[in-house]
Amino acid sequence: MRGRAPLRCPPLLLLLLLLLLGSARAAATETSPHLPAPKNVEVYSYNFQSLLRWSPVAVENGSVLYTAQYSTVSYPTWSGMGCAQTPQPWCWFPPELRRRRRWTILLRVRAELGTLASAWAHCPPFVAQANTTLGPPRVNNVSASPKSLLVSVSPPFTPEPGDLLQYLVSYWENSTSATEEKLSESKTLFQIGNLKESTLYCFSVQVQLKIYSGHLLEGQQSAPKCHRTALSEATRAGYIIPLFVLALVAVNLVAGALLFLWKRRQKIKHWAQPPLEIPSHFKEFLRDPGSAGWEELYSPAEEEPQALVLGEGSGQEGEDPSPQHLQGQDSH
């Protein structure tokens, strides 16, 4: 039995089917000139954590949604970023893009309102290893010795295999005539040496990443941290011995002074007593007890007026007690 030959579409019919599919897709989401495209499309990247953001599109009616896509120079096919029809005006890079620090990434976003869609708004090409901002390294620990500071730091991001990191250290003595000095280290544990003992020093660290082009991507400087170097054993002994001798001399002086005061306590008591001297007015009274001044000072009080006492049968209150008045009363 002969097999059935497979169905084959003529080239003209296949072309018509493709045109119909393209028309159906275009009808599903119609590009509208009345819906403006997002503006200020940019990438914000900090420590290789990248975010595509744009200005919101304002419309009178309805809620605008956004769709973001990406492609690369090597694979020029637009793919979704996981932000299809999202209401937020931003979109984080998917994990597959975060690991591609050297890739040149193309990004675009459009606004959508119902069946309407705006034109695509494109972002300039982005390379994470060249365009990200590196933060300051984290200072974990500082150990002070007499002439050095041992510093332990951590990078601001998780290094990948093959990353070449350097740490640029700026340090200075905390004084009015401070001179800044710099050193470059490739390890996270390094030493700032040739310092003065028992001196306050400040330092700041920034990370440098060597990128594929041979240039260095410099990060932000850390906040200054100040630490004092320690004292050496010789210097500490040189301080302790004079202090001990000085304390011993002071104790002997205090003991000698107390012994001197104890032996001469009677004389000191005699000198400390106030002079027994009679006041001047008492001396004057003892020399001349009848002096006028003393009598005036201690004169008795003036005699008080004596009241007139009348016997029984005296006149009424208010009558004249003179002798003439009394004789008149007798004649009566």
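Author: Buried means under 20% relative accessible area, exposed means over 50%, and partly exposed lies in between, with a 1.4 Å probe and protein chains only. The model is predicted, so local features need pLDDT of at least 70 and side-chain atom pairs count only at pLDDT 80 or more, while totals for chains, interfaces and linings use all residues. Residues are numbered from 1 along each chain as its sequence is written, and side-chain values use heavy atoms, with hydrogens and water left out.

Reader: Why is C226 called partly exposed?

Author: The relative accessibility of C226 is 40%, which lies between the limits of 20% and 50%, and therefore C226 counts as partly exposed.

Reader: How do you know that C202 and C226 form a disulfide?

Author: A disulfide is a pair of cysteine sulfur atoms within 2.5 Å, and the sulfur atoms of C202 and C226 are 1.9 Å apart, so the pair meets the rule. C202 belongs to strand β15 (residues 200–210) and C226 to strand β17 (residues 225–228), 24 residues apart, where a strand is a DSSP run of E with at least two residues, numbered from the N terminus.

Reader: What makes the disulfide of C202 and C226 right-handed?

Author: The torsion about its S-S bond is about 95°, and so the disulfide is right-handed.

Reader: Why is C83 called buried?

Author: C83 has 13% relative accessibility, which is under 20%, so C83 counts as buried. C83 also forms a disulfide with C91, their sulfur atoms 2.0 Å apart, and C91 is buried at 1% relative accessibility.

Conventions:
Helices (H or I, at least four residues) and strands (E, at least two) are DSSP runs, numbered from the N terminus.
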